[in-house]
Amino acid sequence: MKTKRVNRRDFFRLSATAGVSAIVVPGAAAAARTGLLSGNESEIPVRTLGRTGVKLPILSMGVMRADNPNVVRAAYNSGIFHFDTAHGYQNGKNEEMLGKFFTGKARDSFFIATKGKFDYPLKEDFEETYGKLMDLSLQRLNMDHVDLFYTHALDKVEEVKDERVIAVLKKFKEEGKTRFIGFSAHAGKPELLDAAVETGVYDVILLSYNFKLSNLKETEDAIARAAKAGIGLVAMKTMTGGTEDAAGKKKINAEACLKWAWKNEHITTAIPGFSNYDELEECLAAARNPELTSGEQEYLASLCGQEMLYCQQC
């Protein structure tokens, strides 16, 4: 990626770079592998999640705000099979909802990621308490393993490189409690990605990524370095807070935001937090036709210098 700064002058040129570099398969063909669909669906691109070798549709579901299993069912039946939750979402009810929904379904028909927070600096009983956190998440999910476990919301290089944290994550993997390990980073700090590369341990990073990042060039350079090292990249916060204005009164164009994120070929998938059918349909429409239109480019360009609700955690 040779992406520079995001401003109105450069925006159109930046939006034209990269495109959707992906293997495109019909939804029904993808379903044949995962047991998801029975009818014909529009084509949705899939990408490989770094060195894991796992192929995921570019659209996944961030389940954090969802409390209706019927929305999960609609997403699943539409060809989405990567679902992202966390130990703390809805005080554990989020994991429990997914556990009930997926009970009885073929384990290879879905890809589950969950996350767990810890206090830093680490306490003496970190290993014990974090192990119990993992076990409780698996109990809620009614699964013997998750596909991906993240340490949740890291914002310091020391946390990424901490030997005790890494040892616990490796243990989870060795014990078969998770197939892959990673961390999530809400703060836009490219140095966290570089720290992950240095450790050589993390399979996946879940990071904030959208057209409003103040340090976009630095972030995209770090993303490229992480991808080169074989780390899978998953995007969150793609909607920049969900509104066009700082007052939060005007809904943002979700399709344009997702398409913008997908133009970076290193982003495997995005996890928008849709919680109703209308939001799901918006996301599916974007995934089935992921190229930015000229109108969408103009729309996003018009927002580049505008104050918005999105928090950069600076």
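Student: Is the crossing of α3 and α4 left-handed or right-handed?

Tutor: This is a predicted model in which local features need pLDDT of at least 70, side-chain atom pairs count only at pLDDT 80 or more, and totals for chains, interfaces and linings use all residues. Residues are numbered from 1 along each chain as its sequence is written, and side-chain values use heavy atoms, with hydrogens and water left out. A crossing is left-handed if the near helix is turned anticlockwise from the far one by less than a right angle, and right-handed if clockwise. The crossing of α3 and α4 is right-handed.

Student: Which word describes how α3 is set to α4?

Tutor: The axes (lines fitted to C-alpha atoms over the stretch in contact, with angles from 0 to 180 degrees between N-to-C directions) of α3 (residues 69-77) and α4 (residues 93-102) come within 10 Å and cross at roughly 55 degrees. Helices here are DSSP runs of H or I, at least four residues, and strands are runs of E, at least two, numbered from the N terminus. Angles under 35 degrees count as roughly parallel, over 145 as roughly antiparallel, 65 to 115 as roughly perpendicular and the rest as oblique. The angle of roughly 55 degrees therefore makes α3 to α4 oblique.

Student: How many charged residues are in the contact of α3 with α4?

Tutor: Pro69, Val72, Arg73 and Tyr76 of α3 meet Met97, Leu98, Phe101 and Phe102 of α4, where contact means heavy atoms within 4.5 Å. Asp, Glu, Lys and Arg count as charged, Ala, Val, Leu, Ile, Met, Phe, Trp, Tyr, Cys and Pro as nonpolar, and the others, Gly among them, as polar. By class there are seven nonpolar residues and no polar ones, and the number of charged residues is one.

Student: How many charged residues are in the contact of α4 with α5?

Tutor: α4 and α5 (residues 126-141) pack at about 45 degrees, with their axes 6 Å apart. In this contact Glu95, Glu96, Leu98 and Gly99 of α4 meet Ser137, Arg140 and Leu141 of α5. Two of the contact residues are nonpolar and two are polar, while the charged ones number three.

Student: Which residue forms a cis peptide bond with Tyr120?

Tutor: Omega of this bond is about 5 degrees.

Student: Which helix gives the largest share of the lining of the largest pocket?

Tutor: The largest pocket has a volume of about 600 Å³, and of its 27 lining residues the closest to its centre are Arg65, Met239, Pro272, Gly273 and Phe274. A pocket is an open set of points on a 1 Å grid over the protein atoms alone, where a 1.4 Å probe fits, with protein on both sides within 12 Å along at least five of seven lines; lining residues have an atom within 4 Å of a point. β10 (232-236) and α11 (277-288) each supply at least two lining residues. The largest share, three residues, comes from α11.

Methods
Grid points are joined across faces, edges and corners, and a volume is the space filled by probe spheres set on the points.
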